[in-house]
Amino acid sequence: MPRRRILFIRLSQFKIFLKKILIACVFVSALAFMMLSKADTYVLDKAGGTVSMILNPIIQVMQIPARIVYFGYEKVRDISMVYSQNAKLKEESKKILVLQNRVRTLEAENKILAQMLEYDILPEASYITAKVVAEEGDGFSHSLIVYIGDNKNVSKNQIVLGNESVVGRIEDINGRYARVILLTDISSKIPVIVERNRERAILSGDNTLYPKLLYTALNADIKKGDNIVTSGVAGIFPAGLPVGVVNKIVKNKIDVIPISDIERLEFVKIVDYGVYSDVMNFSQEIKGK
């Protein structure tokens, strides 16, 4: 018992001693921080600069392995991307070669058939670009006035294209200006066909944004989204020119939305396919006989 009591007394004294040391350390630390806060900032800045000068080279050296690993990773990723893109390009190149061979075969067959049939290819179209200077859009007509300058090759009934699709035809010429009747005009009537199944119809304007398909067969298979192109009937428009897309079918009314945005035309192409004049001359010769 006496030994245990002596040991307990010594431990309590040791704890008191530790508390005193801790209090002294806290006091010294606080005093040191107070002195540092009042110390000259120039000395501290200089010391910090010295430390940074010593540590910066060490940090730079330590970053070298990380930079090497990152650089290697980027290169490996770039190489893998190049390999994958190269594989895709090879596949596309094979497809293109197959298509080229098919096209060459079809061209050769076409030439042979043309020679056998003694078929003469239509002359290439010529065109001029004209600027839209005025619009006429009301309840009675939908037309444009375009500037043609001194061009003498523009004539009545020539085809007018917007974004590579039909927007109308030349109705009248007055000096350096020409009047274009648009697809949406009530006097516009264009022979067309449905590209999918060759169903024939007449595209007629009604002074709205959506011209109508008229004179279609009662059992005509026409669906929303069908492409409408010129049929070549009557000789004014050559066959196959894009015109519009079937927009809505309600009972017997079939609305077509023109491919070109007719309301925002700034420039148009006046195209001469050499078809209309030849057909008209031919028909007049037949009538004369």
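Hi everyone! A strand here is a DSSP run of E with at least two residues, and a helix is a run of H or I with at least four, both numbered from the N terminus. With that in hand, look at Tyr-215, which lies in the loop between strand E8 (212–214) and strand E9 (227–230).

A quick word on the model. It is predicted, so to speak of local features we need pLDDT of at least 70, side-chain atom pairs count only at pLDDT 80 or more, and totals for chains, interfaces and linings use all residues. Residues are numbered from 1 along each chain as its sequence is written, and side-chain values use heavy atoms, with hydrogens and water left out.

Back to Tyr-215. Its phi is near 60°, a positive value in a residue other than glycine. Is Tyr-215 buried or exposed? Tyr-215 is exposed, at a relative accessible area of 68%; buried means under 20%, exposed over 50%, and partly exposed in between, using a 1.4 Å probe and protein chains only.

Arg-198 also has a positive phi, about 65°, although it is not a glycine. You will find Arg-198 in the loop between strand E6 (189–194) and strand E7 (200–204). Arg-198 counts as exposed because its relative accessibility is 52%.

Now the barrel. In what order do its strands run? Six strands form a closed barrel, E1-E2-E5-E4-E3-E12, with antiparallel pairing. On average, neighbouring strands of this sheet are turned by 45° against each other, direction ignored. Two strands pair if DSSP finds at least two bridges between them. E3 (residues 159–161) and E12 (residues 267–272), for instance, pair in the antiparallel sense over three bridges, and Val-160 stands opposite Ile-270 in E12.

Finally, the pockets. A pocket is an open set of points on a 1 Å grid over the protein atoms alone, where a 1.4 Å probe fits, with protein on both sides within 12 Å along at least five of seven lines; lining residues have an atom within 4 Å of a point. The largest pocket has a volume of about 320 Å³, a volume being the space filled by probe spheres set on the points. Of its 16 lining residues, the closest to the centre are Thr-184, Leu-209, Asp-261, Ile-262 and Glu-263. Strands E1 (126–137), E2 (142–147) and E11 (253–258) each give two or more residues to that lining.

The second largest pocket has a volume of about 180 Å³. And here we meet Tyr-215 again: the residues lining this pocket include Tyr-215, Thr-216 and Lys-251.

Definitions and conventions
Axes are lines fitted to C-alpha atoms, for helices over the stretch in contact, and angles run from 0 to 180 degrees between N-to-C directions.
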